[in-house]
Amino acid sequence: MHRTATKLADGRELVYFDQAAGAVRDVRDERPLEPAASLSEIRLDPVLGEWVTVAAHRQQRTYRPPAGECPLCPSRDGRLSEIPAADYEVAVFENRFPSLAPGSAEHVAARDAPLHTLRPGNGRCEVVCFTSDHDASFADLDEARARLVLDAWTDRTAELSALPGVRQVYCFENRGEEIGVTLAHPHGQIYAFPFVPSRTTRMIARAEAHRDRTGRNLFEDLLAAEQDTPERLVLRGEHWIAFVPFAARWPYEVHLYPKRRVADLTELTEPERAEFPGLYLDLLRRFDALFPAPPGAAPNRTPYISAWHQAPRTGGGQLALHLELFTVRRAPGKLKYLAGVESGMDAFVTDVSPEQAASRLREAALG
């Protein structure tokens, strides 16, 4: 993997990742951009003890532009984009409309009232472009390119974790308009949080309670149990295992774990990294095969969220790196909406049993 770091016209960082050593990435960003001010702030919910990010400046972000105006395509034919180069393999840059930004403290003052705790939304949000091909999808990549994306995620995890004030790094991909994606170009995002999100906090509490009760690690026990429960297994490699969780919240949800417990992406070994792309691409293609397109229609692309769960910088010693992949589609033409029960009470009701979902994913025909 060859890495080239540069700057965009407004000072944001851009990093190119190439498979071949010595790739030259010296095209300058010629756009007349002024530095964007971030008004991000985080507010503590006194009832739930959870941080909520307020980023009103994001109302002005780019929203579903036509393909010819995509800001994630390479700069070509006089049309300048976020990527100055005429082509690229994988590119990562700071989001121009970030939810969290390192300069937030310059515009937002902290507040410490008992029920009104507020902090600047210091952190960082990055965009990960998986390919220069606007019409592709992650599932269309070959294993070498998927490995390059893994290397980029790992690089950014290491760099962002070292930034002052960053508590946890979260890599994820949203795909499909049904998920809420506003840019069709194949891409993901990375958030460097100045707090530990509540989902991670709950996992830490459960893992510590399990250790106190049994003397063992929750995630190691979980993987052992799932490997002994073949009806929910989807894929198994030498170093990774993919299964539908026993209490899956979404109609089709798969968790992918390395068999050896590690805290984050930086701790994976070379054999684990080498095996990941093939298994992950297999999973994505199975998701697409769940709901085949009618004859003569364009190939189906199942909407999904793919989320890496990594341990925070401190306090997550009992956690395990894993990827959670799920779709909001429950049947052809039908979506799983988070309505009153889920949105109002955080109490999920699923329409497909985990065992049925795993069986369908195992049987999904691969194109």
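Strand S11 (residues 233-236) and strand S12 (residues 240-243) pair in the antiparallel sense over three bridges, where strands are DSSP runs of E of at least two residues, numbered from the N terminus, and two strands count as paired if DSSP finds at least two bridges between them.

The model is predicted, with local features requiring pLDDT of at least 70 and side-chain atom pairs counted only at pLDDT 80 or more, whereas totals for chains, interfaces and linings use all residues. Residues are numbered from 1 along each chain as its sequence is written, and side-chain values use heavy atoms, with hydrogens and water left out.

The protein chain has six helices and 17 strands, helices being DSSP runs of H or I of at least four residues. Its radius of gyration, taken over C-alpha atoms, is 21 Å, which agrees with the value near 21 Å for a compact globule of 367 residues under the rule of 2.2 Å times the number of residues to the power 0.38. Along its principal axes the C-alpha trace spans about 60 × 60 × 40 Å. Of the 367 residues, 51% count as buried, that is, under 20% relative accessible area with a 1.4 Å probe and protein chains only. Among contacts (heavy atoms within 4.5 Å) with a separation of 6 or more, 65% are accounted for by residues 24 or more positions apart.

An open sheet is formed by four strands in the order S4-S3-S7-S6, with antiparallel pairing. Strand S4 (51-54) and strand S6 (111-113) stand at the edges with a single partner strand each, so one side of each is left without a neighbour in the sheet. From one strand to the next the twist averages 25 degrees, the axes being lines fitted to C-alpha atoms and the angles running from 0 to 180 degrees between N-to-C directions. Strand S3 (residues 41-44) is joined to strand S7 (residues 116-120) by three bridges, and Arg43 stands opposite Leu118 in S7.

Neighbours within four places in sequence aside, the contacts of Trp308 include Trp153, Tyr170, Trp240, Phe276 and His322.

Methods. Buried means under 20% relative accessible area, exposed over 50%, partly exposed in between (1.4 Å probe, protein chains only).
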